[in-house]
There are 2 protein chains.
Amino acid sequence: MKGDQKYRDEILRLARKAYSANEVPVGAIVVDGDGTIIGRGFNQTHTKKDGLRHAELVAIRMAQRKVGDWRLEKASIYITLEPCLMCLGAIGNARIKNLYYILSDPLFGSVASKLTKAKVRQLFPGLNIEKLSGGTEVGQLMREFFKKLRK
Amino acid sequence: MKGDQKYRDEILRLARKAYSANEVPVGAIVVDGDGTIIGRGFNQTHTKKDGLRHAELVAIRMAQRKVGDWRLEKASIYITLEPCLMCLGAIGNARIKNLYYILSDPLFGSVASKLTKAKVRQLFPGLNIEKLSGGTEVGQLMREFFKKLRK
């Protein structure tokens with residue numbers, strides 16, 4: 001399942017939706033144990049004036065509502081960008097099993113950049129974390145966004 | 001403002017609301033720069049089947065809607081319990097200035113228990129964190145909740 005092109009295409013599509021809305025282009029999906037996408041989100045913090053509308057949190061909330069439980073123990077989350085501390089916490093709290101992300105975020109990323117991998121393992125021992133390929137496309141989208149922002 | 005009895009009474013009242021709803025009894029408020037309460041929350045994760053309904057996140061979302069901005073740079077948050085990683089991340093992302101909490105949480109608390117104070121300062125240099133007195137009442141409420149839960 002990991003790295004399935006379908007999932008990477010979907011989070012990139014969601015990131016582009018954020019980009020079109022002048023939001024930092026981040027997309028996320030939650031996939032359940034049988035491979036069904038049960039949550040989708042893209043960053044909407046500025047549009048909604050709501051700091052909790054990171055792509056990951058939107059996708060997790062949708063998934064929790066869909067399954068009727070805050071526990072998503074067999075689920076995986078796919079994200080275009082390394083998650084921030086808030087989103088890592090939400091992923092861990094929801095007991096999500098696998099976290100796949102594409103691009104590192106040296107400023108706010110909390111699974112390898114701002115926290116060490118060892119620390120994250122200690123905080124959430126059951127969470128498997130992997131970085132996927134595909135960084136070129138996501139990186140280009142991020143650079144285009146920040147170029148547009150500076151104009 | 002810090003430790004104002006009014007604010008402690010209010011978060012304890014909110015924690016009791018969570019207790020009455022059979023939720024882990026946690027209450028939180030966001031107070032703006034002039035002392036007005038602009039956000040209130042109590043834990044509702046089980047009732048709403050929504051892992052994002054921690055007291056802190058409910059209070060932050062309300063405050064962000066009220067001021068029409070995800071930045072709460074002059075605000076303080078008062079919480080009955082040391083916040084988890086997700087809530088610390090949300091507090092830091094919202095650029096909240098002061099974090100006051102009453103009871104430590106050795107299992108999930110992330111401002112002193114699971115992360116070191118030094119690490120938290122490094123993650124959010126602008127965030128002032130203080131532990132307030134009043135732990136006896138909050139501790140008793142927590143113990144009563146877990147006693148009830150075991151029955």
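So, at the start of α1 in chain A, look at A:D4: one of its side-chain oxygens comes to within 2.9 Å of the backbone nitrogen of A:K6. Keep in mind this is a predicted model.

The helix itself covers residues 5-20 of chain A, so 16 residues by the DSSP run. From first C-alpha to last, α1(A) reaches 22 Å, close to the 22 Å you'd expect at 1.5 Å a residue. Following α1(A) you get A:N22, and its phi is positive, near 60 degrees.

Which residues of α1(A) are buried? That would be A:Y7, A:R8, A:E10, A:I11, A:L12, A:L14, A:A15, A:A18 and A:Y19. And what covers them? In chain A, the cover includes the strands β1 (27-31), β2 (37-42), β3 (76-81) and β4 (98-103), plus the helix α5 (135-150).

Okay, over to chain B. B:S110 sits in the loop between β4 (98-103) and α4 (117-123) of that chain. Buried or exposed, this serine, B:S110? B:S110 counts as buried, because its relative accessible area is 1% and the cut-off for buried is under 20%.

What does the side chain of B:S110 reach? Another is the backbone oxygen of B:F108, at 3.1 Å.

Leaving out residues up to four places away in sequence, B:S110 touches B:E82, B:P83, B:C84, B:L85, B:L88, B:L115 and B:V120.

Note on methods. Residues are numbered from 1 along each chain as its sequence is written. Chains are lettered from A and ligands numbered from 1 in the order in which they are written. This is a predicted model: local features need pLDDT of at least 70, side-chain atom pairs count only at pLDDT 80 or more; totals for chains, interfaces and linings use all residues. Side-chain values use heavy atoms; hydrogens and water are left out. Helices (H or I, at least four residues) and strands (E, at least two) are DSSP runs, numbered from the N terminus. The expected span of a helix is 1.5 Å times one less than its number of residues. Buried means under 20% relative accessible area, exposed over 50%, partly exposed in between (1.4 Å probe, protein chains only). Contact means heavy atoms within 4.5 Å. A polar contact is a pair of N or O atoms within 3.5 Å; within protein, one must be able to donate a hydrogen and the other to accept it, and residues adjacent in sequence count only if both atoms are side-chain atoms.
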